[in-house]
Amino acid sequence: MVAGFDGGALSSDGGVLLLRELDRSMGLTRSLASCFQDRRDARLIEHTAGQLVAQRLFGLALGYEDLNDHQALRHDPLLGVASGKTDGEALASAPFARYFVNTIVVASATTMAIVFSSLLAGYAFARMKFP
């Protein structure tokens with residue numbers, strides 16, 4: 001016999017189950033998910049549009065206003081059940097690597113544009129005769 005006192009997979013967001021039942025009766029996430037045309041290859045989809053919409057809406061309703069919170073919430077068992085993941089799979093999270101690369105690309109492009117325009121302006125000012 002093995003006893004573990006680590007608490008296992010717990011959640012402090014018990015109200016999400018009430019929100020899920022309210023959502024099922026109103027059909028809000030179903031209606032919102034139907035607004036999106038999912039053009040992804042169905043064989044490669046891990047999270048359906050309905051699950052993504054439900055995860056985001058329930059996260060907002062629970063006070064998690066930032067997508068960064070979903071990195072920690074992706075293993076929350078109650079949010080998973082409310083979002084339609086009943087088999088214990090992890091929920092979606094923000095792609096940090098993509099955001100990081102995009103930040104580097106944007107910062108580099110902006111810096112190069114500023115340096116280039118400064119070089120052009122410097123050349124023009126060097127040729128001007130000032131009184």
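In which helix do E21 and R24 both lie, and how many residues apart are they? Both belong to helix α1 (residues 15-26) and are three residues apart, about one turn of the helix; helices are DSSP runs (H or I, at least four residues) numbered from the N terminus. The model is predicted, with local features requiring pLDDT of at least 70 and side-chain atom pairs counted only at pLDDT 80 or more, whereas totals for chains, interfaces and linings use all residues. Residues are numbered from 1 along each chain as its sequence is written, and side-chain values use heavy atoms, leaving out hydrogens and water.

The mean pLDDT (the predictor's confidence in each residue, from 0 to 100) of the protein is 82, and 88% of the residues score at least 70.

Four salt bridges were found in the whole structure, a salt bridge being a side-chain nitrogen of Lys or Arg within 4 Å of a carboxyl oxygen of Asp or Glu. R20, E21 and R24 are linked in a network of such bridges. The N to O distance is 3.0 Å for R20 and E21, and the closest N and O atoms of E21 and R24 are 3.7 Å apart. With buried defined as under 20% relative accessible area, exposed as over 50% and partly exposed as in between (1.4 Å probe, protein chains only), R20 is buried at 16% and E21 is partly exposed at 39%. A further salt bridge joins R43 to D41, at 2.6 Å between the closest N and O atoms; R43 is exposed at 72%, and D41 is partly exposed at 32%.

How values were computed:
Helices (H or I, at least four residues) and strands (E, at least two) are DSSP runs, numbered from the N terminus.
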